[in-house]
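Student: I have the sequence and the coordinates open, and I would like to go through the terms one by one and ask what stands behind each of them.

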Amino acid sequence: MSIFLITNIFMLTNAQSPGGITPQLWYKADAGVNSSSGIVNQWNNSASPGTYDLIQQAAATSTLPAYNTSQINFNPSIRFDGVDDRLAAPSVPQNVTVSSPSPYQSSQYVVYRKVGSTANSLYNHSNGFGGTWNVGGNSNGGMLITNRSVGSTTPAINEIRLQSTDGTSSLMNVYVNGQFKSSAFSNGNAVSTSGTQPVWVGGQGLNNFVNVDIAEIVIYNTTKTLERPQIESYLSLKYGITKFGDYIASDGTTYWNSATNSAYSNNITGIARDDNSALYQKQSMSINPGQQLLIGLTGMANTNTSNSGTLTNLQSLVVGDNGLAKAPTTLVSNIPGANFLFGSVWKVQNTGSVGTIRVMWPQGLNNLKLIQNNSDPTFASGNTVTDMSANTQTINGIVYNYADVSLANGQFFTFASFAQAPGGILNNLRVWIKADDNPNGNTTDNVAISTWPNRSPIGGNLIGGAAFPNTIALQTTGPLYRNSSAMNINFNPVAQSTSTSGLGMQNAFATIGDDYTMIALHKNPTLPFAGFRNMFSFHDNANLNTVSTSSSWFGTYTNSPIAWPSAAGTSAYTVNIPAVTTFSATGTGTIAYQVNSISKGSGTSLSKNGTNLVIGVDADGGSDDGIDIIMPENIMYNSVLNAADYNKVVSYMAIKYGVTLGAFAAPVNYTSTNGTTVWSTAASTYQTNVIGIARDDAEALHQRIAKSQDAVADIITISTNNDFTSANTGAGHSNITNDQFYFITGNNGAATTYNVQNLMLRRWKVQSTGTAQNLFIKTSDSQATYLVYADDAAMTANVVNVHLTGGSTPGIQIPNGKFFTFGKFTYCTHTPNNSPADMITKIGITIQSKQSGWPENIPNGAVALESKTKGFVITRTQSSAIANPVEGMLIYDTVSKCMKLYNGTSWNCVVRTCNQ
């Protein structure tokens, strides 16, 4: 019985090791650390406490590292300052770190964050005076055995990594995060120091100090080629490191199968308990850059050890993602309350039936929801949706939304939220400012804008016209917010630049030199010969009050687009006529100019020289700056949009501001956020003055009133009610009831004169998408008395005449595909033929008291009907439903909403006219 007990004690002792593999040296910041007032004076060897512990090496406490100033995946680390901080275990024999004789063997692992730029020793077994290193690791990625070094990649500042090596002084492999990097020695023969010498951490003796956070060091005096995946799995799960290959528990169980989950090998993180490894990770987040998923047991806390949740031994739940954007990017319609899915999709490997966990994402998205699916990573159907928006928890100062759910083995999950973007194109959107957002809370006309909110996912504001941080020194005000009938563009407010106005934003773009697409709706009240009008400019100085080192800018030169100092594009603009101008380039590639989706040539390369942005000025503060350019909206992406996405964005701009895309001879489709073509080039002869009433929630489009802003004016205005003058955002306009409603029309460019039938030569075609609602149409032509619509442009089939009052229709619905025009009809009336009264009416139907002599006293009638409370109803149907009509047949058409008469050739609504 005693032998059995001793055996079990031996197994337990052996089991408390990285991956279940017993090392000779094991320093981990979550155990064996003696600290006082935040500084570490001793770091014990967890492999054998009391033996080879790291201790203070100088009387001054200033040489001691700091404890847990910066966690790594909710686990503590020890900060070495790179000045003089160090710890050492004195008198460590050679055979603790390497085995002899030659070729010497060793296996070494270190998890650290690089803080300072200097590459020095993380740890080493040496005399501390530049002598032989039995083993060691450097913050430049190098690893050593017996004075022989093998390099790897140099970590970036603030990069966290698992750096390891396994082999001999003849052949040693170096790995970063489990992935092989090199086995090439950079120096000569192996040199080992027998006897004892210190193991140093944080520097080499009294020099070569390193500025890092070290979380864990594990050293074996033999190779661990087969065991290395288990050791690295323990360290990777504990510290949120995405490692190469499978994640394996101490008993050989696979936590994460890299082959099965190969499409989800990014940002791997998980929770796990493995008693043999002393691993008990209760909450976890990938340490990779960018926003990351946080998962854990429901007792989430600021540190891993404070999490109150529990797992049983060898339970684990590990997830990885597909590497796509961790932001709303994919427009969907099957998630109630949300319209965008994340690009990133996570897959789950649940071992040992881990139950309820907490899934967390940083607060900031509207209507955030967790979407789970057992088999479909596209989330087309069969989803489980859990709202996260009402649940919040603060972890280390960051507020998260969360959902407590079970994640089944093999399940997929992602997030959804409600977001808005031009055209519904959210990915890489960096700047989206629009005057109808009421900048700095102002709705009063002719007031300077000091703060213009950026509606892109990065948030922030463009600011200016005030104390630091301003735009640049010459700019003393912001542009003017204008909201008046004289200034508005298609009833939407605008921003008007002046020679002293401008706005700026720090870090509007992620990096310099890469792709961009910049789209502006603008108009120029003047187009001076050889004159410039600046829309926006990159700025490369941290202080926007200073002049940028680059004088490049984007805008107009006379009547052409230009990206200065590139050549200008071709002629594109007319004074006071708004246009949608696009500048796009791939990195250092040529700049493509487009105006209203028409190519206007290109300029030479102009890459982003800075990540900052100024609007309405150029970055050099020149006197010509913005002057009088009017820009109600600016949209900027950190990418070149593909053709489909670009069309969605400019369709949004064109409908909102009453601008016609393309040309009569080269029409352009208009596309909604969900990809529906809401105005088709199939209407090839109706591409003049294209306007629309539309609501598309995914792009915050709610255009309630519209009139063409093109150079050749149109004569119609369309509104959701009988108000044809108020601003689009005015309270007087009725809202559009349903999302994804579009009513788009364009005309054939014909004259507004009339033919012999008194019909206007100009004809409009209608494309209506979504659930229709009543709209009002007003014409400025004083001769028109009726709006006339029909199935055909000749106005011969299923004709409907709508009487105008003050030039306006009542609320009507013109069906999709119809054509309309205006008529100037005159009418006359005739008195009934009562004389001679030589015929009597013989048949009468009444619901009143029958009068004497009725109906005979009604002359010249066939049937008399009499009621004060009832109506006469003739056959109610659709004319198209009557297979064999005969001349003179009369019905009420339930589609055209009129009395129709068949004239022997076609059905037509009965209208008021002179019948002589």
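This is a predicted model: local features need pLDDT of at least 70, side-chain atom pairs count only at pLDDT 80 or more; totals for chains, interfaces and linings use all residues.

Student: Why is Lys 656 called buried?

Tutor: The cut-off for buried is under 20% relative accessible area, and Lys 656 has 2% relative accessibility, so Lys 656 counts as buried. This lysine sits in helix H4, which covers residues 643-657. Beyond its neighbours within four places in sequence, Lys 656 is in contact with Lys 434, Asp 436, Asn 490, Asn 492, Glu 633, Leu 701 and Gln 703. Lys 656 also belongs to a network of salt bridges, in which Lys 434, Asp 436, Asp 437, Arg 455 and Glu 633 are linked with it.

Student: What makes the pair Asp 321 and Lys 326 a salt bridge?

Tutor: The criterion is a side-chain nitrogen of Lys or Arg within 4 Å of a carboxyl oxygen of Asp or Glu, and the N to O distance for Asp 321 and Lys 326 is 2.8 Å, so the pair qualifies. Asp 321 has a relative accessible area of 0% and is therefore buried, while Lys 326, at 16%, counts as buried as well. A search of the whole structure finds 20 salt bridges.

Student: How do you know that the salt bridge of Arg 482 and Asp 445 ties together separate parts of the sequence?

Tutor: The side chains of Arg 482 and Asp 445 meet at 2.8 Å, N to O. Arg 482 lies in strand S38 (residues 480-482) and Asp 445 in the loop between strand S34 (429-434) and strand S35 (447-448), so the pair joins parts that are 37 residues apart in sequence.

Student: What can be said in the same way about Asp 714 and Arg 762?

Tutor: These two side chains meet in a salt bridge of 2.9 Å, N to O. Asp 714 is in the loop between strands S56 (705-706) and S57 (716-719), and Arg 762 is in the loop between strands S58 (741-747) and S59 (764-769), so the pair ties together parts 48 residues apart in sequence. Asp 714 counts as buried at 5% relative accessibility, and Arg 762 counts as buried at 9%.

Student: Which residues have the most contacts inside the largest nonpolar core, and which element gives the most to it?

Tutor: This core has 47 residues, and those with the most contacts inside it are Ile 519, Ile 635, Met 653, Ile 655 and Tyr 670. The elements giving two or more residues to this core include S34, strand S41 (516-523), strand S49 (630-637) and H4, and H4 gives the most, with eight residues. Met 653 touches Ile 519, Ala 520, Leu 521, Val 580, Glu 633 and Ile 635, residues up to four places away in sequence not being counted. A second, separate core of 34 residues includes Val 33, Val 40, Trp 43 and Val 135.

Student: How many cavities of 30 Å³ or more are there, and what lines the largest?

Tutor: The count comes to one cavity of 30 Å³ or more, and the largest cavity has a volume of about 40 Å³. Its lining consists of Trp 452, Pro 479, Ala 495, Ser 497, Ile 615, Ile 629 and Met 631, which divide into six nonpolar residues, one polar and no charged.

Terms used:
Residues are numbered from 1 along each chain as its sequence is written. Side-chain values use heavy atoms; hydrogens and water are left out. On a 1 Å grid over the protein atoms alone, a cavity is a set of points where a 1.4 Å probe fits but cannot get out, and a pocket is an open set with protein on both sides within 12 Å along at least five of seven lines; lining residues have an atom within 4 Å of a point. Grid points are joined across faces, edges and corners, and a volume is the space filled by probe spheres set on the points. Ala, Val, Leu, Ile, Met, Phe, Trp, Tyr, Cys and Pro count as nonpolar, Asp, Glu, Lys and Arg as charged, and the others, Gly among them, as polar. Helices (H or I, at least four residues) and strands (E, at least two) are DSSP runs, numbered from the N terminus. Buried means under 20% relative accessible area, exposed over 50%, partly exposed in between (1.4 Å probe, protein chains only). Contact means heavy atoms within 4.5 Å. A nonpolar core is a set of buried Ala, Val, Leu, Ile, Met, Phe, Trp, Tyr and Cys residues joined through side-chain atoms within 4.5 Å.
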